[in-house]
Amino acid sequence: MKKYILTLHFFVVLLNTSCAQTTDKTIVTPEKTGITADLYLRYTGVPWSFVFLPDQSILITERAGKLLHFKNGESKEIKNLPAIKTSGQGGLLDLILDPDYKNNGYLYFAYSSPEGTGNGSNTAIARAKLNNQELVEVKVLYKASPNSSTAHHFGSRLVIDGKRNLYFSVGDRGNRDKNPQDISRDGGKIYRITTNGGIPDDNPFVNSSKAKKAIYSYGHRNPQGLTFHPKTKELWSHEHGPRGGDEINIIQRGKNYGWPQITYGINYSGTKITDKTAQNGMEQPIHYWVPSIAPCDMLFVTGSIYPEWEGNLLVGSLAFQYLERLIFENNKVVRREKLLDGIGRVRSLTQDSDGFIYIGVENKGIYKLVPAKH
């Protein structure tokens, strides 16, 4: 058992702090926000995801392959996880609670699994319950195949809709020329299954003999943000581009989002991937970033705690180490703000039952965003 500091006011970072600047001229750093970021839980690791349990204790997925339970200032490691291959970007990844968690006790998580055909690993989605610091009733709901020895582009965000369908992402696994545009292959896709692991009858490719039946959309690179719009209930996603070309998309049933045939990015070496940024039959992003911010996780602000942010989208930046606030009108970005500039690699975001927003920062911990009036 390892002790951790759990405090609301251990350390304060002002949102108007200005550190390293990016070359992006379209983003604004506000002079004042009226909000501070208090270090709520000090934690040195990669908090890929975290959730609050009904007793306000916290579960954190550590990319190194551990599920940690923080309660009363102490940390305990949860036992009985499935086999996880930790390599590069792989490990224990996203985690969400069932919308009816208080009654059924289910949690869902994504991880890089070595099970199945081929060397290496691929993204798997599992369901389990938590009992006395141990996972029980563990059931694998989906396992992408085949395994790959590459150690990047696992995707792995999870959301559940009002009909109890589970959506999740799997990145292209570094095989951009084969996986994203081929619906007979896993990788470079967003999927939809039931919370029991079944295939919904209205999935777009359910009647295609060669397609992976769980696919909901395709032509993606590495989506690490997935959420529902609070008013329209549309599924929004963001994904990592190559060098430039990170995207925000509204995900529609059966649509092709173009990777790698169209992109606003280039290879890391500076060479072109394609001359095309648009093509018939392929969807355009509603926003793209050049340069890439390396977006991770996303959250629409709801409730009364942050009235000036109501309906805005928050996105974490891994590359430039800040929190971005995007303001939309008619699904077009009209303003971008850089918050918490230099705080660190913002990996995860969540909003608790009281409406407060928390962000997980690699090798630092979890911060609570606190308005001045509180």
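Analyst: Gln89, Asn222, His240, Ala294 and Leu318 lie nearest the centre of the second largest pocket, which is lined by 21 residues. A pocket here is an open set of points on a 1 Å grid over the protein atoms alone, where a 1.4 Å probe fits, with protein on both sides within 12 Å along at least five of seven lines; lining residues have an atom within 4 Å of a point. The structure is a predicted model, in which local features need pLDDT of at least 70 and side-chain atom pairs count only at pLDDT 80 or more, while totals for chains, interfaces and linings use all residues. Residues are numbered from 1 along each chain as its sequence is written, and side-chain values use heavy atoms, with hydrogens and water left out.

The space in this second pocket is about 260 Å³, a volume being the space filled by probe spheres set on grid points joined across faces, edges and corners. By class, its lining has eight nonpolar, seven polar and six charged residues; Ala, Val, Leu, Ile, Met, Phe, Trp, Tyr, Cys and Pro count as nonpolar, Asp, Glu, Lys and Arg as charged, and the others, Gly among them, as polar.

The largest pocket provides a reference, with a volume of about 1300 Å³. Among its 37 lining residues, Val51, Ile96, Leu97, Thr350 and Gln351 are the closest to the centre. Its lining comprises 20 nonpolar, nine polar and eight charged residues.
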